[in-house]
2 protein chains.
Amino acid sequence: MSEPDKSKEDIPDDPAGKGIPNGGNAAKSQEDFDLASIYVSDAQYNRNIYFDTSPEAVKLYMRYNHWIPKVFLFFFILVDLSLAIFEKPAVFPVPTLYTMLVELLCLLVFSLRLVHYAKVIPRDKFWKDPKNICIIGILVLTVVDLVVYESLEAANWYAVRWSRVLRPLLLVNVTEGRQLRRAFRSIRNALPQIFYVFLLFMFSLLIFSLMALKLLSKRGLKTIDGAPYFTNYLEIVFDLYVLVTTANSPDVMMPAYNASFVFAIFFILYILINTYIFMSVFLAVVYNNYKKYLKEEVRQLVRAKRHKMVRAFAVLKEQRAEGGEPVVTQTNWNQIVKQVQPEISNAHRELLWSVSDNNNKGFIGKVAFVQLADLLNIEVITLKSRPHPLHSAFPAFYMSASSRLLCRLVQHRVFVIAYDLIILVNAVFIGLDEENPLIANSEWAFLALYLLEILLKLYVFEPRAFFSRHSFWNWFDTIIVISALIATIINSVMTSSQSYTSRQILDIVFILRVLRLIRVVDSIKRFRAIINTLIRIGPAILTFGQLIIVVYYIFAMVGMELFKGKIQFFEDVSVDPARAYCGNPLLKGTAFAQLNYCKNNFNNVVSSFILLLELTVVNQWHVLSSGFAAVTHVSARLFFIVFHIMVVIVIINIFVAFVLEAFFVEYSVDKGDLQTSLEKKIEELELTVAQEKLEDNLVNAMETIDSDQGTGQSASNKPALMFKIASKRYRTVDALLQRMFEADLDPEDFAENDDANGNFPNPAFSAV
Amino acid sequence: MSEPDKSKEDIPDDPAGKGIPNGGNAAKSQEDFDLASIYVSDAQYNRNIYFDTSPEAVKLYMRYNHWIPKVFLFFFILVDLSLAIFEKPAVFPVPTLYTMLVELLCLLVFSLRLVHYAKVIPRDKFWKDPKNICIIGILVLTVVDLVVYESLEAANWYAVRWSRVLRPLLLVNVTEGRQLRRAFRSIRNALPQIFYVFLLFMFSLLIFSLMALKLLSKRGLKTIDGAPYFTNYLEIVFDLYVLVTTANSPDVMMPAYNASFVFAIFFILYILINTYIFMSVFLAVVYNNYKKYLKEEVRQLVRAKRHKMVRAFAVLKEQRAEGGEPVVTQTNWNQIVKQVQPEISNAHRELLWSVSDNNNKGFIGKVAFVQLADLLNIEVITLKSRPHPLHSAFPAFYMSASSRLLCRLVQHRVFVIAYDLIILVNAVFIGLDEENPLIANSEWAFLALYLLEILLKLYVFEPRAFFSRHSFWNWFDTIIVISALIATIINSVMTSSQSYTSRQILDIVFILRVLRLIRVVDSIKRFRAIINTLIRIGPAILTFGQLIIVVYYIFAMVGMELFKGKIQFFEDVSVDPARAYCGNPLLKGTAFAQLNYCKNNFNNVVSSFILLLELTVVNQWHVLSSGFAAVTHVSARLFFIVFHIMVVIVIINIFVAFVLEAFFVEYSVDKGDLQTSLEKKIEELELTVAQEKLEDNLVNAMETIDSDQGTGQSASNKPALMFKIASKRYRTVDALLQRMFEADLDPEDFAENDDANGNFPNPAFSAV
């Protein structure tokens, strides 16, 4: 934790601001800008890589952070993970040789990336980082596994490709898997507390089971299948564990309840204590830990960010007067911003400068400079007022009374309501039988109406504003309507020419028709608010998606080794007698076969994933697990219980905790402090846009310019250029997380915490 | 909200401290003490009754608050609610005349209580309070219903006892139903927000259903029963609504999944969006509203409490010096404390005084006086060191070396561990077959061991300390062991004398045996911590129990009217053919009959409650609702859907929100500020007890005295008397709620908020 930071002397800059070579007033070299821009960019994206500061390493590091090698890496991770589709048991069988060659190629790419990384950071840091050791371990083990597997196969022995479970760990251990690592850390941190609650829960389960055994085993009760009821202790424990998940309620209780309603009290007590109280306590413990550790972790992240910005400042600073505070000049600041974010517009950059240099002095101090990383993370939309092209081309016609009336009509509320009604009527028509020719033809009328709407809007609103990057619903409408038009035309051509209807095309037509109805949501303000909140927490939810995929992949690989081929699904509806018991006589008479769950098997990676999802939803998981236990051994249930504990009790609760926390932050904080200062500045410069106009998606005669380099002095042509903060979007998941907790931090606090030096793979508190 | 407080002039005291008759230095009359004690006691228990301050009304009000009429009232509410057991459809049928007479008696009691209340509070306040109007309404409607029902019955027409659904509302509207009203208010406040999320959720459900209809209806798929799959829109909506509750997963998906795995994607998307995202959003919205309004409500409660204490202060205050601050003398303070809490010990009272009068001046000001209500709510255990009776009787023997060794042995950790091991062995023996004579006889050995343990502890620890009010586990152990001993003896006597075993007695023996094992939990520190937290939030959870009972009762009454007798359960196992379809041919071939759910019916209030609990647990609720729809009409499903929305989506989420919030408060705040100041005082007075000793339940040679009136000056006989704060217990649910939010309030803030005047049945914010 407090290990001496040996590699510190490698870093030429000094945050304390003592006299070091490039801390003077000498003109900054390109190398200085490279180094500073890397610090700023690392701070902006919260990269915590302790890179070597020699000019060559900096160059290499800039290449390391380029988006092309990153996309390349993720592509190959995806390829590596997708190999499961082609390996035995395969969805699409391919000779082992091919998959192995592809896997070796993937391993090569990962090794190259790792070598690149090793060249960027100091050697001792590289070997101290568990991430790198993990990746090297995975690579070596995979090669060993490939060799062993191939030799065993050649000798016709039983061979297992066990290294496949390691593949998803690559996603966690690559430098870009920060969010995923953080999610795993928050799970690991919650585990000790969960463990004790879980033990107590297990104790309660065992006690209740014992009581059930004593009360019910000797009464000669029968289950609905005629089997003896509650006579075996381990079976009772399993049944009552399933009851906690509610999957076998009320069936498990019925034989006892039929005997006497007094026994129902036993089950009611059990459900109250174990299902309601304990499961709520699990959520409370997980949530509490999640909040606690997340807070600590984000605090460290923010500290590390400031630390990096202070280093960048130390590289760029100049001494204006003898003994004065060191500052950064506007020229250097401009240069660094251009290098960090080349696509930023001049106007936007000047806006950021005017926020930082509040008093218009031409230079800024440390506190203002440190804000830069956060300022760059605020998405500012630059809007430029621009006349409608028709207005420029045919001014007389476009400004005529009838044309203006049309414009006013389209912008009126009634227009929106009219189209909402059309959508409703359309919904009814879709619901009706499409074989009625009237209904079938009405589709053309609706398509025409929707097209007309888009054309009218394009007539009224400036097309580039209409299709701006942030007009989600305009894009949505246009794409859906045009796709529906194309699909409907193809479908009708096929139907009329060959009197044959393609099921696939028809399905697409139907989906597009129904999707069109979603548009209604956008016209109701309350709905829009809820949906916006959901969209805002969306990217963060994706981290949990990755987490789930990692866990699913591991369980799928293990499940496939354990259960592949044990349960068969027969595609054809022919009266194969084996179909009734999924091709395995052991399943005869089981609920699994009776409910026709044969397709829920581990015979390939796709059905494994779907089966694991069904297990996550929990219902009937006891039937599924008993099915697999029937074809193998009763201990196979352990696989399903472990899955339930890990995914449902731990991960889903962390997911719920995350959604709750994100919602509360959304409700309580509206905009970060920094964003507010930026907004104030925008208002000061009288550049703001009426909020409502944009909120209503009526971006009338305005356009988003993303890299308008020629605007020059924006303040002079005031009416033509406007800014708006896309405050409701976050460029990174980190930004949302940081906003959650940034309110607690003192903006003037630059204390370096050496605990969080370098890559901090394990934050200090994880040792607790 | 800000209506002029007309009845204010009735109140003789004046919180602003202007010259009013009894604000002077005149000796206080008994009437003054009565009035002041009522204010203090109202503040202590958070009663918000705007009573008349005339001496007669005050006397009446004191009687109104006495525990006997309250218990009487709740007893008759219980009787009124229990009538459902005896009314048609009855568990134990009784002639209608008797139940009606009992009901009339109940109505009489409620009317008397209401008349009493009307005499206590000003007339205009009485008629403005919706609670009273509600009760009068319920009483009148019940009488009308009784008359109408009786006349219809006499004329042999169909009659419904519809007023029965009103009964549980009495629980909500009596003055003592504060917590319950608050829970209902927090539900009502959350409803608007929930409503919009629910609409959006319904929209999503309808869109997905439409898509399912278009994609799946024409494919000729069959369900497992051979019925057409997903062809009726309303059926699809119902099926997909059930899928949100996960009750029909994965069955609803199997036919489509068997046709192609592509359709599984549709269902996965549906589950992700509707089950995971929307259900989390429901919890987030409910939780957020709950927190927001609870905070506001408790803030108002605390303000009202202070307001009342200020009034009490105004009654008791004296002017010590001209122009000085008004104060309350120790004599008056003692008198008022004695009157408010007669059972308080002198020592305890002096401790409270020394906390209030920190500088030992003999009088206290307003700020210190206002704390009194909170001080009284802190449970202080007065401990008195007292020698063991054996020590007094046989000092030589008790203090002998062997006796001391025994004492040290029993207090040693090894003793606890040894008995934990015995319990574990006992658990194994219980699990084994009790027909083995060795096992059966071992029970005697275990009983002897447990008895020995209790006797040994009684030898070592002072018996009155051992059985003190707060030694939960000692009481638990002793009661369980002695009951087990008695039951085992009865059982063995019956077995040996008549060679007949009573099933009931044996059941009790088994239950007691298993309950004994729970004791292990107390020896593991981590478990004890979790259990203590659960016990602490226990009383608050009981409010939700009442809430659930109110809602269940209403649904049970409605359900019984709708579905009584439609589904029969046949007790005897004779081969009655009607047994297979629950006595209703309409159920032939349904899942309801196949799963043998016949006892899940609305034929009496007990089975209705059990059925409603099963519906709350959710699993298989679609089978249950479809069963009832089959015997009546498909619209019967609405009853079950409404139940699901109200209970599972709203109430259970509020319950989870409550548990989460209570847990977080428990984790974050350890002791209220006031408790800490009291503890400091105890430490100052050197009266504290080593915390660990008590925590370990080893209340060595100490005794709880609850109303020791003769102690006199406690400080003089210091070593004999000790205090301990039972900080982990709350006398009232309110206290826990207030501690949740009290940290936000300024202790010096006495601003009267007229919004919260009188009874505030509807807090100001509920108008939003």
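Guide: About 1200 Å³ of space lies in the largest cavity of this predicted model. A cavity here is a set of points on a 1 Å grid over the protein atoms alone where a 1.4 Å probe fits but cannot get out, and a lining residue has an atom within 4 Å of a point. Grid points are joined across faces, edges and corners, and the volume is the space filled by probe spheres set on the points. In the whole structure the search finds 18 cavities of 30 Å³ or more.

The lining of the largest cavity is made of 36 residues, and nearest its centre lie Thr246(A), Met279(A), Ile652(A), Thr246(B) and Met279(B). Helix H11 (261–316), helix H27 (605–617) and helix H29 (636–668) of chain A each give two or more residues to the lining, as do helix H11 (261–316), helix H27 (605–617) and helix H29 (636–668) of chain B. Helices are DSSP runs of H or I with at least four residues, strands are runs of E with at least two, and both are numbered from the N terminus. By residue type the lining holds 20 nonpolar, 16 polar and no charged residues. Nonpolar means Ala, Val, Leu, Ile, Met, Phe, Trp, Tyr, Cys and Pro, charged means Asp, Glu, Lys and Arg, and the others, Gly among them, are polar.

As to the two chains, 89 residues of chain B are in contact with 89 residues of chain A, contact meaning heavy atoms within 4.5 Å. Between them the chains bury about 8300 Å², 71% of it on carbon and sulfur atoms; this is the accessible area (1.4 Å probe) that two parts lose on being put together, summed over both.

The rule finds 2 salt bridges across this interface, where a salt bridge is a side-chain nitrogen of Lys or Arg within 4 Å of a carboxyl oxygen of Asp or Glu. Asp507(A) and Arg219(B) form a salt bridge with an N to O distance of 2.3 Å. Over all chains the search finds 48 salt bridges. One of them pairs Asp80(A) with Arg167(A), with the closest N and O atoms 3.6 Å apart. That pair joins helix H3 (residues 67–86) of chain A to helix H7 (residues 167–173) of chain A, across 87 residues.

Two loops hold cis peptide bonds. Lys88(A) and Pro89(A) are joined by one with omega of about -10°, and Pro89(A) lies in the loop between H3 and helix H4 (96–120) of chain A. Another joins Ser249(B) and Pro250(B), with omega of about -5°; Pro250(B) is in the loop between helix H9 (233–244) and helix H10 (254–259) of chain B.

Residues are numbered from 1 along each chain as its sequence is written, and chains are lettered from A and ligands numbered from 1 in the order in which they are written. Because the model is predicted, local features need pLDDT of at least 70 and side-chain atom pairs count only at pLDDT 80 or more, while totals for chains, interfaces and linings use all residues, and side-chain values use heavy atoms, with hydrogens and water left out.

Methods:
1 Å grid on protein atoms, 1.4 Å probe; cavity = no way out; pocket = protein on both sides within 12 Å on 5 of 7 lines; lining within 4 Å.
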